[in-house]
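Good morning, colleagues. Please look at the model on the screen while I describe its domains and its ligand site.

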Amino acid sequence: MSAEPLHAVIIGGGVTGLAAAFRLQQGLADQGVMPRLALLESAPRLGGKIRTTTRDGFLIEHGPDSFVASKPAAGQLVRDLGLADDLVRSHTGQAFIARGDRLYPIPAGTMMGIPVRLGPLLRSPLLSPAGKLRVVRDLFAHGPDLAGDQPAGAFFRRRLGNEVVDRLIEPLLSGIYAGDVNHYSLQALFPQIDRASRNGRSLIRAMGTLYGHAKPAPAGNQNRGPFLTFRTGLQALTARLEERLAMCTVLRNSTASAIRKQDGHYRVELADGRSLDAHAIILALPDAAATSLLPVAGSAIPPVATLPPTSVANVVMAFPHGITGTSLDGTGFVVPRGTGHAITACTWSHLKWPHVAPRGAALLRSYIGGAHDAQLVDAPDEAIVDAVMADLRRITQLRETPAFCHVTRWKHAMPQYAVGHLDRLEQTRKAMAAALPGVFLAGASYGGVGLPDCIRQGEQAAHALVDHLTQRNLLNTPETLHVD
Ligand SMILES: Cc1cc2nc3c(=O)[nH]c(=O)nc-3n(C[C@H](O)[C@H](O)[C@H](O)COP(=O)(O)OP(=O)(O)OC[C@H]3O[C@@H](n4cnc5c(N)ncnc54)[C@H](O)[C@@H]3O)c2cc1C
């Protein structure tokens, strides 16, 4: 037990917890306070879902491979960590949708399959004439608005028809969320679209207002894609954060098992019998793990998630002598459900990120699993690799055999923001503030799954925590840390 409670314990050493710890350290030091912080991580390594390895000259991302450049939190953190010069931008290129065993270009002028400009969609062979007519109807008539949140799938079906949802929107969304479009919260996933298309406005016109100004990358400027990573892989970010936690005690192989209220502060119990006392806590964990730690007094706290997270696996295949096949002049493809394919998405990583493979070599990264094919994730590696290879041979006419493959399973790792997510999150935060003041939730289960959103949430939790300590006059205490 600490002689004097710590300022804070951060539980979870993924990017959310690391960003939170880094900003907490800064925030306390800025106030002239020697930070007394601990970060608990159950695994032997930090980084959570971010994991990069190398093999035979290939750079392999086992979890996320990049982050979107347009959200500022990640860029600012990267600059503050002195890593900006190591950033690499994705190469642009055509992305495809598989239908049957053929690849069709994703029409230009769409955002996640939702039309911003109609022309390219109307010229695309992906939709039938009836499907196109149904999309055009959005310009003229649609049913009354529903109050509050609604399923994204139902909303897009009402506005644009089933075809564009099933053939375009659903597979593109599944590529990010690995869930079911019919259950996603419109307000959580598309807050701007929800607001802009209310009051009887055409969705397509609203999309034009929101995104019509975005310019495609100029010809010949291939490496101006929307995503960023680091020359040595995404793990450069979490490794640098870890290096910078000089004023935070990092405890790996340390699983938090319970939080209790104790003498005006909190006691974090660890599975191995140790404990830490702290004035405040950041829970940078998947929702189920966070909820399981809350004390009995917190059982009045409503859960945020109403759908279980889904499982996926990614399969990286390395081809040292390159590959042949059709359509290999783009960045990858996604696969609608119900087509009999195991693959849900595939990236030609060596084309999107030339630094990840030796010259002349190819690196493919395919996904399987998600809400509609959970069982395959539990199959043996060989069965997963065989299913992916069979699909690649059919869809892209791939003929080569990979020199090596890596299968990485992510069980229950993809949070599902179901209808009502934002309201539940607000209620949960209010209930936490009342029952457990100084305990903050952050991470992929709550305010966005992408890395910039996770970083932003970690940073916001850090700011809120410093405010909490300041308001309660808890910043002027001695500087020792003992772990029992
Ligand atoms: C396969 C895959 C691909 C993705 N691709 C992208 C992408 O390309 N771009 C993008 O922006 N996002 C992507 N994402 C999403 C993004 O990677 C995650 O949302 C983000 O990394 C989550 O970070 P986090 O810190 O919130 O959670 P996590 O990374 O899950 O970290 C939570 C940590 O808490 C630890 N923990 C759990 N329970 C306890 C406990 N009781 N005590 C102590 N520690 C505990 C865990 O071991 C873990 O390290 C992807 C996600 C997956 C799974």
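The chain is divided into three parts: domain 1 (6-47 + 235-307 + 418-471), domain 2 (66-93 + 228-233 + 310-414) and domain 3 (109-140 + 148-211); these bounds come from an automatic or database domain assignment. The model is predicted, with local features needing pLDDT of at least 70 and side-chain atom pairs pLDDT 80 or more, while totals for chains, interfaces and linings use all residues. Residues are numbered from 1 along each chain as its sequence is written, and side-chain values use heavy atoms, with hydrogens and water left out.

The centres of domain 2 and domain 3, taken over C-alpha atoms, are 25 Å apart. Ten residues of domain 2 are in contact with eleven of domain 3, where contact means heavy atoms within 4.5 Å.

I turn to the ligand. Which residues come nearest to the ligand? Of the 30 residues around it, they are Thr16, Glu41, Lys49, Ser66 and Val449; a residue counts as near if one of its heavy atoms lies within 4 Å. Domain 1 and domain 2 each give at least three residues to this shell. Helix 1 (15-30), strand 20 (404-414) and helix 15 (451-471) each supply at least two; helices (H or I, at least four residues) and strands (E, at least two) are DSSP runs, numbered from the N terminus.

Next, the polar contacts, meaning pairs of N or O atoms within 3.5 Å. The side chain of Thr16 places an N or O atom 2.7 Å from a ligand oxygen.

Finally, just after helix 15, Asn473 takes a positive phi of about 55°.

Definitions and conventions: A polar contact is a pair of N or O atoms within 3.5 Å; within protein, one must be able to donate a hydrogen and the other to accept it, and residues adjacent in sequence count only if both atoms are side-chain atoms.
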